[in-house]
Amino acid sequence: NTLASCLVTKHLLERYDLSEDEAFEYAMRNNEDSSEIVPIRKVVEDLVGHEMPEEECEQAMYVVSNAYCSKGASLMFSKKIQSELLEIFGRQSVAVLPSSVDEFIAVNAELYSSFLTKLFRQSFLFLISVNSKLLTSIGG
């Protein structure tokens with residue numbers, strides 16, 4: 001298996017007689033075929049080089065990407081991956097935390113609801129602060 005990408009233009013779609021929806025469907029299916037949902041515990045163990053004690057690494061977090069660990073964050077839009085995550089979390093709410101274009105972190109939203117509320121509130125306040133500073137520097 002290899003990984004390749006190209007810029008999909010209107011001209012390219014016309015050349016291969018594909019609609020945007022068809023091209024998106026092919027791309028998503030290819031990404032789904034190489035998808036990986038890995039407990040964050042496994043990722044940490046791989047990074048540190050040894051197994052972690054059970055209580056030190058929460059199993060309610062998963063890293064989702066593809067086998068190439070490249071451009072895998074788009075899998076958050078996959079109905080197949082969404083269904084798999086709901087199954088993993090016992091049909092409870094799933095929160096998706098985009099961490100890069102290469103992967104995202106999925107968490108049980110009910111277990112992390114207070115954390116997520118604080119995170120989003122702080123992010124929102126930070127964005128307001130940054131935009132306010134930008135507007136001030138642009139305007140004055």
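The following legends describe close-up views of a predicted model.

**View A. The aromatic pair of Y62 and F89.** A search of the whole structure finds one aromatic pair. The ring centres of Y62 and F89 are 5.6 Å apart and the planes stand at 75°, so the arrangement is edge-to-face. The pair links distant parts of the chain, 27 residues apart: Y62 belongs to strand β2 (residues 61-66), and F89 to the loop between α4 (79-88) and β3 (94-98). Y62 counts as buried at 13% relative accessibility, and F89 counts as buried at 7%.

**View B. The salt bridge of R41 and E45.** This contact is one of three salt bridges in the structure. The closest N and O atoms of R41 and E45 are 3.1 Å apart. Both residues lie in helix α3 (residues 40-48), where a spacing of four residues separates them by about one helical turn. R41 is buried, with 11% relative accessibility, and E45 is buried, with 15%.

**View C. The salt bridge of E25 and R29 in helix α2.** The side chains meet at 2.9 Å, N to O. E25 is partly exposed, with a relative accessible area of 47%; R29 is also partly exposed, at 37%.

**View D. The salt bridge of E84 and K80 in helix α4.** Here the N to O distance is 4.0 Å. The two residues are four apart, or about one helical turn. E84 counts as partly exposed at 31% relative accessibility, as does K80 at 39%.

**View E. A negative surface patch.** D17, E20, D21 and E22 form the patch. Among them, D21 lies in helix α2 (residues 20-33) and is exposed, with a relative accessible area of 62%.

Note on methods: Residues are numbered from 1 along each chain as its sequence is written. This is a predicted model: local features need pLDDT of at least 70, side-chain atom pairs count only at pLDDT 80 or more; totals for chains, interfaces and linings use all residues. Side-chain values use heavy atoms; hydrogens and water are left out. Patches are made of residues with over 30% relative accessible area and no salt bridge: like charges are joined within 9 Å, nonpolar side chains (Val, Leu, Ile, Met, Phe, Trp, Tyr) within 5 Å. Accessible areas come from the Shrake-Rupley method with a 1.4 Å probe; for residues, only the protein chains shown count as cover. Lys and Arg count as positive and Asp and Glu as negative; His and the chain ends are not counted. The place of a charge is taken as NZ of Lys, CZ of Arg, CG of Asp or CD of Glu. Buried means under 20% relative accessible area, exposed over 50%, partly exposed in between (1.4 Å probe, protein chains only). Rings of Phe, Tyr and Trp (its six-membered ring) pair if their centres lie within 6.5 Å; planes under 30 degrees apart count as stacked, over 60 as edge-to-face and the rest as tilted.
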